[in-house]
Amino acid sequence: MAATVEFSLLFSLIFLVSGSVSQNPILPKAGIVPVAKDVSTLQYVADVFMGENLAPVKLVVDVNAPFVWVDCEVNSVSASKQPVESCSLKCSMAKPISSCSRPGGGAVYNSKTCTLQAENTVARMSTSVELKEDRMAIEFWDGTGSGSFAKSEQFLFSCAPNLLLKGLANGAKGMLGLGNSRISFPSQFSSTFGFFQRKFSLCLSPSDGAVFLGGNPFGSEISSSMMYTPLTSKKDGLQEGYYMNVKSIKISGKKLSLHQVGLLSTKISTVVPYTTMESKIYGTFVEAYVRAATSMNLTLVTPVAPFEICFSSKGVENQRIGPNVPIIDLVLQSEMVKWRIYGRNSMVRVSDEVMCLGFLDGGLSPKDSIVIGGYQIEDYLLEFNLGNSMLGFSSSLLMGQKGCSDFEASVMSREIF
């Protein structure tokens, strides 16, 4: 307990002497991590600052991953990193695969250093890694537009071998874990800054977006209109994934006959590019969608991989929220709480004349019946409240005046102290 308090005070003091806030202290409203979509891999890549010189490091965002892992062959995080001992409180927080190594312990897997299992969820690879600590910096937003940086001298992350980078976006050196664990990226910043609630928000887009720790800069107009549904947790391999329960699915207001028993446990993902559904659910969904689309005079055309259902876009009206196509509703705990998906997040334009339904067949026996992919959550504000296990979600921001790409975190114009 004493070590935790000391760490928290150290972190806070570092913040208070950083930038203009040292003269007129203003508690920050949010921590900000800029995110850009990589067009070749469709991954969302975050920019953080790590290592002795706080050099920029690109990490692929995984909303479910339990911690940050980095290729420690990167020069910026190789010189100043320090190992975490297996018998330390920090190691026990990380849920290690190694046991505490003491004389005469006799454990099956003894190690003097704290050992974890890291996973590349894109390539579906995992390996044992060592827990380290090093400097980490992010930008803060104080509500005035001025912003400032703060740094932690003891941020916990794991060092992974270079081979674990397989399949990640060009230039990415690891993964940014936002999962519900004590050493995930948002949990560490929340626990060290007492004025942050234990929550974070995602705002992704086809270009630029951000992860917000604590609050967000979009104002009460959007926050007050958000809907909320319980977040459920489910073990998925090495992760405790974020899930919500879907009661039913509607297309153009008509409920699908899915014949499921109970609720559909639905995972939210930032590494799966498009929503996937178990084969039987997908078959019913596609049949209903095609029926609704043809009633709106949409014309089926030859599908373009990886999509199975495509339409001609000729003559289809385009609005700010996308082409005028059937609306999809994910009905949650009641008919009043539903996630509405418009054409911008259901249709993928593959050419000037063809658009395809951005939902894919997930197979007969997938781990999860439905996985909401990154494309479907773009330009929605999602708030993950880990304190009360609730997910808040806005309607499409494109219905208003701002999208997720309209917020820019101008990190290159500021100095890190």
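User: What makes the charged end of Arg344 count as sitting over the ring of Tyr375?

Analyst: This is a predicted model, and the call is geometric. The charged end of Arg344 is 5.0 Å from the centre of the Tyr375 ring. The cut-off is within 6 Å for CZ of Arg, along with an angle within 35 degrees of the ring normal. The distance is inside the cut-off, and the charge is listed as sitting over the ring.

User: Why is the pair of Phe155 and Phe189 called tilted?

Analyst: Take the distance, then the angle. The ring centres are 5.7 Å apart, and pairing needs centres within 6.5 Å. The planes stand at 35 degrees. Stacked requires under 30 degrees and edge-to-face over 60, so an angle in between is tilted. Both Phe155 and Phe189 are buried.

User: Why does this pair tie together parts that are apart in sequence?

Analyst: Phe155 belongs to strand 10 (residues 148-160) and Phe189 to helix 3 (residues 185-192), so the contact links parts 34 residues apart in sequence.

User: How many aromatic pairs are there, and which residues form one aromatic cluster?

Analyst: The count comes to 13 aromatic pairs. Phe285, Tyr289, Phe311 and Phe359 form one cluster.

User: Which residues does Phe285 touch?

Analyst: Leaving out residues up to four places away in sequence, Phe285 touches Ile249, Ile251, Leu256, Met277, Ile328, Leu357 and Phe359. Contact here requires heavy atoms within 4.5 Å. Phe285 is also among the residues with the most contacts inside the largest nonpolar core, as are Leu176, Phe185, Phe200, Ile249 and Phe384.

User: What makes that a core, and where does its largest share come from?

Analyst: Membership needs a buried nonpolar residue, under 20% relative accessible area, joined through side-chain atoms within 4.5 Å. The largest such set has 76 residues. Its largest share, nine residues, comes from helix 5 (residues 279-295). Apart from it lies another core, of 23 residues, including Val60, Ala94, Ala169 and Val271.

User: How do you know that strand 8 and strand 9 pair?

Analyst: Pairing takes at least two bridges. Strand 8 (residues 115-120) and strand 9 (residues 125-141) have six, in the antiparallel sense. One example is Leu116, whose bridge partner in strand 9 is Val129. The hairpin has four residues between the strands, and there Arg124 takes a positive phi near 55 degrees.

User: Why are strand 18 and strand 26 called edge strands?

Analyst: Strand 18 (254-255) and strand 26 (338-341) each pair on one side only. The open sheet has the order 18-17-25-26, with antiparallel pairing.

User: What makes strand 21 and strand 27 edge strands?

Analyst: Again, strand 21 (300-301) and strand 27 (347-349) each pair on one side only. Their open sheet runs 21-22-28-27, antiparallel. Within it, three bridges join strand 22 (residues 310-312) to strand 28 (residues 354-357). Ser312 stands opposite Val354 in strand 28.

User: Where does pLDDT stay under 50?

Analyst: Residues 1-23 stay under 50, with 31 contacts beyond four places in sequence. Residues 409-417 also stay under 50, with 21 such contacts. Where pLDDT is low, predicted coordinates should not be read in detail. The protein averages 85, and 82% of the residues score at least 70.

Definitions and conventions: Residues are numbered from 1 along each chain as its sequence is written. This is a predicted model: local features need pLDDT of at least 70, side-chain atom pairs count only at pLDDT 80 or more; totals for chains, interfaces and linings use all residues. Side-chain values use heavy atoms; hydrogens and water are left out. Buried means under 20% relative accessible area, exposed over 50%, partly exposed in between (1.4 Å probe, protein chains only). Helices (H or I, at least four residues) and strands (E, at least two) are DSSP runs, numbered from the N terminus. pLDDT is the predictor's confidence in each residue, from 0 to 100. Rings of Phe, Tyr and Trp (its six-membered ring) pair if their centres lie within 6.5 Å; planes under 30 degrees apart count as stacked, over 60 as edge-to-face and the rest as tilted.
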